[in-house]
Amino acid sequence: MDSTIFTGCIPALMTPCKADRTPDFDALVSKARELVAAGMSAVVYCGSMGDWPLLTDAERMQGVEALVNAGIKVIVGTGAINTKSAVALAAHAQKVGAKGLMVIPRVLSRGPVIAAQKAHFEAILAAAPDLPAVIYNSPYYGFATRADLFFALRAKHPNLIGFKEFGGADDMTYAAQAITSRDDEVSLMIGVDTCVFHGFVNCGAAGAITGIGNVLPAEVLHLCALCEAAATGDVDARVRAQELEAALAVLSAVDAGPDLVLYFKYMMVLKGDAEYTLHFNETDVLSDSQKGFIAKQLALFDTWYASWSKLPGAVQACKR
């Protein structure tokens with residue numbers, strides 16, 4: 001099973017809205033093309049960033065088909081409140097030519113029950129046996145996949161080739177120590193923007209799935225390049241990577257909060273992407289205080305990066 005789809009830097013796409021608050025798939029494809037042209041290796045759709053709980057299964061499938069038909073390499077999220085829907089999404093992804101699956105735990109119903117999650121994962125993996133898949137581990141889904149369950153699943157489903165960790169540094173360390181370092185054919189994907197350095201350098205991650213990369217693609221690609229160089233022992237890259245991650249910290253931290261999509265969409269509007277102004281629910285809005293805070297932080301980062309990116313160690317990383 002080819003695992004190369006789970007390498008590099010991959011943005012988790014958000015779903016833009018039309019004026020009537022229905023999905024704007026033309027704008028979705030346009031943004032995906034822009035991000036891939038900037039250097040992203042693929043895209044994820046529809047994970048938490050894509051607002052999967054607010055879309056119908058048919059809308060999600062339509063978004064996947066639009067991306068595939070545009071020639072975009074897409075990894076499909078399988079989040080659902082029931083296994084039947086998750087299976088349908090996985091089967092559809094394989095049928096239309098997606099390149100990978102992000103297998104999300106069962107939510108709401110029997111979420112903490114290991115046997116229920118095992119059956120849920122197996123059904124998804126069996127529905128798309130030709131697609132390489134990663135399990136998405138996140139505290140927000142209320143279930144932690146541990147090593148024994150992961151390898152029990154992999155023994156029956158060889159398309160399970162990776163683990164995406166959305167928890168903090170300790171969770172990523174566990175994934176590296178207990179899961180992805182046991183088998184060279186199993187990949188670790190960084191799933192949270194605040195742990196990019198730790199994931200690449202300390203845990204041997206193969207790639208990163210990013211939220212802030214939608215807003216700042218060049219800067220996040222720069223961070224990933226520095227981290228990958230630091231993971232080879234490059235002293236200068238290590239220093240510069242830590243500086244860049246620290247400077248991004250406030251913006252990246254919204255990735256782990258409940259208003260993540262609202263924050264990222266607002267930052268994209270500040271960057272000129274007006275198609276991300278609206279949300280599916282009219283009442284899903286940032287407060288004026290939240291807007292003011294994140295706007296100041298984004299402006300501060302932009303000013304800092306403009307100067308910092310010219311420093312010798314940072315410039316060298318751009319040339320790699």
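## Helix 7 and its buried residues

A residue counts as buried when its relative accessible area is under 20%. By that criterion, in this predicted model, the buried residues of helix 7 are V196, F197, H198, G199, F200, V201 and C203. The helix runs over residues 196-203, and with 7 of its 8 residues buried it is mostly covered.

After helix 7 comes G204, a residue with a positive phi, near 70°.

## M172 in helix 6

Helix 6 spans residues 169-180 and includes M172. M172 is buried, because its relative accessible area is 0%, against a cut-off of under 20%. Apart from neighbours within four places in sequence, the residues in contact with M172 are E165, L188, I190, G191, V192, C195, H198, G199 and C203. Among the buried residues of helix 7 are H198, G199 and C203, and each of these three is in contact with M172.

Y263 lies 91 residues from M172 along the chain, and the C-alpha atoms of these two residues are separated by 24 Å.

## The nonpolar core

The largest nonpolar core of the protein contains 111 residues, and those with the most contacts inside it are Y45, L67, L101, F200, L251, F264 and M267. Helix 8 (residues 217-230) contributes the largest share of this core, 8 residues. F200, named here for its contacts inside the core, is also one of the buried residues of helix 7.

For M267, the residues touched, once those up to four places away in sequence are set aside, are I212, V215, L251, V254, I294 and L298. L251 in this list is likewise among the core residues with the most contacts.

## The protein as a whole

The protein has 12 helices and 8 strands, and its C-alpha trace spans about 50 × 50 × 35 Å along the principal axes. Its radius of gyration is 19 Å, which agrees with the value near 20 Å that a compact globule of 320 residues would have. Of the contacts between residues at least 6 apart in sequence, 74% join residues that are at least 24 apart.

Of the 320 residues, 54% count as buried. The protein exposes about 12900 Å², and carbon and sulfur atoms supply 54% of that area. There are 26 positive and 33 negative charges, and their mean positions are 3 Å apart.

Key
Residues numbered from 1 in each chain as written. Predicted model: local features only at pLDDT ≥ 70, side-chain atom pairs only at ≥ 80, totals over all residues. Heavy atoms only, no water. Helix = DSSP H or I, 4+ residues; strand = E, 2+ residues; numbered from the N terminus. Rg over C-alpha atoms; globule rule 2.2 N^0.38 Å. Buried < 20%, exposed > 50% of the residue type's maximum accessible area, 1.4 Å probe, protein only. Contact = heavy atoms within 4.5 Å. Areas by Shrake-Rupley, 256 points an atom, 1.4 Å probe, with all protein chains shown as cover. Lys, Arg positive; Asp, Glu negative; His and termini not counted. Charge placed at Lys NZ, Arg CZ, Asp CG, Glu CD. Core = buried A, V, L, I, M, F, W, Y, C linked by side-chain atoms within 4.5 Å.
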